[in-house]
Amino acid sequence: MTRTRQARHDAAATGTLDKAADENFPVAPFFLPRAWRDDLMAVYGYARLVDDIGDGDLTPGGADARHLGLDPAQTDDRLAMLDAFEADLHRVFATAGDGPRHPLLRALRPTVRRRALTPEPFLGLIEANRQDQKIRRYGTYEELSAYCELSANPVGRLVLAITGTASPERIRRSDAVCTALQIVEHLQDVAEDLGRDRIYLPAEDMARFHVSESDLALPSAGASVRALVAYEAERARELLDEGAPLVGSVHGRLKLLLAGFVAGGRSALTAISAAGFDVLPGPPRPTKPSLLREVGVVLRRARGEG
């Protein structure tokens, strides 16, 4: 590989993985065993890249399209990119052939083999991003939950699979946490999503609180928008409470990782509440002290439940 091609290769992978620092929760913190960290970052890289394709946030230059066998001019054709990415994903699981083309999928292949992962959660993430290209409004909370089943829940299931701790009850709790985290992210990003012509607030709830789309486009939220955001935030909090016993069901460093996920959601909700539920000026973000305090609360509760 020439130096120029290697640089494009590195940019395609590094630009995506660098976004891990912006998440509400630790992706692969230092205290985990190295093998877990490597596998979690491989899965994160996959999930982040799928989202970047769906959102049109790929690193400029067309490297990702090239890796997937497309003309760089097709970078903005999100459905074509998702189709090509899915085809490359199947090469991860193929037992013959040269393997995947994209560097992040090549990095994923050892993880898939080592942990005996199945294609379904990876395909779910792709389908969620396809849905984003076709469905930009959700009529009911149930419709939004079905979207979260594709867009968020697979990540938690992959964490359980990587750590060898999956069980039906843990998956159920994990799904609740992941759906909650997705709802929290939607609340933080109302203005940004509207800029992409997407609204993840259920239309039935908007009607109930007398919120119109034009209300969401204002620089600051009025009372009705704040009430709607508070209502959806409480839903997310209830889901986090439902999923929190997952933390007490595991041991060691995994307990701390899962506590970080739950605490990330709770501290983000605290930030939203501290902003008076006005999410329109920009995403309310949790502070590090807030996150650490919440981790302590989650761990203490987990000990009590144990």
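**Cysteines and their surroundings**

C178 is buried, its relative accessible area being 11%; buried means under 20% relative accessible area, exposed over 50%, and partly exposed in between (1.4 Å probe, protein chains only). The model is predicted, so that local features need pLDDT of at least 70 and side-chain atom pairs count only at pLDDT 80 or more, while totals for chains, interfaces and linings use all residues. Residues are numbered from 1 along each chain as its sequence is written, and side-chain values use heavy atoms, with hydrogens and water left out.

A search of the whole structure finds 0 disulfides, a disulfide being a pair of cysteine sulfur atoms within 2.5 Å. C148 is accordingly in no disulfide, and the nearest cysteine sulfur, that of C178, is 9.8 Å away. Seen from C178, the closest cysteine sulfur is in C148, and the 9.8 Å between them is too far for a bond. C148 also counts as buried, at 0% relative accessibility.

Helix α7 (residues 141-151) packs with helix α8 (residues 153-162) at an angle of about 40°, the axes being 4 Å apart. Here helices (H or I, at least four residues) and strands (E, at least two) are DSSP runs numbered from the N terminus; axes are lines fitted to C-alpha atoms, for helices over the stretch in contact, and angles run from 0 to 180 degrees between N-to-C directions. The angle makes α7 oblique to α8, since angles under 35 degrees count as roughly parallel, over 145 as roughly antiparallel, 65 to 115 as roughly perpendicular and the rest as oblique. C148, E149, L150 and S151 of α7 meet N153, P154 and R157 of α8, where contact means heavy atoms within 4.5 Å. These residues divide into 3 nonpolar, 2 polar and 2 charged; Ala, Val, Leu, Ile, Met, Phe, Trp, Tyr, Cys and Pro count as nonpolar, Asp, Glu, Lys and Arg as charged, and the others, Gly among them, as polar.

The largest nonpolar core has 75 residues, and Y46, F85 and F122 have the most contacts inside it; a nonpolar core is a set of buried Ala, Val, Leu, Ile, Met, Phe, Trp, Tyr and Cys residues joined through side-chain atoms within 4.5 Å. Helix α15 (residues 252-274) gives the most to this core, with 10 residues. Apart from that core lies another, of 5 residues, among them A128, Y138, Y147 and Y200. Leaving aside neighbours within four places in sequence, F122 is in contact with V43, Y46, L89, F93, L108, V112, L117 and L158.

L40 lies in helix α2 (residues 34-55) and counts as buried, at 5% relative accessibility.

Another buried residue is A302, with a relative accessible area of 3%, found in helix α16 (residues 288-305). Beyond its neighbours within four places in sequence, A302 is in contact with V247 and G248.
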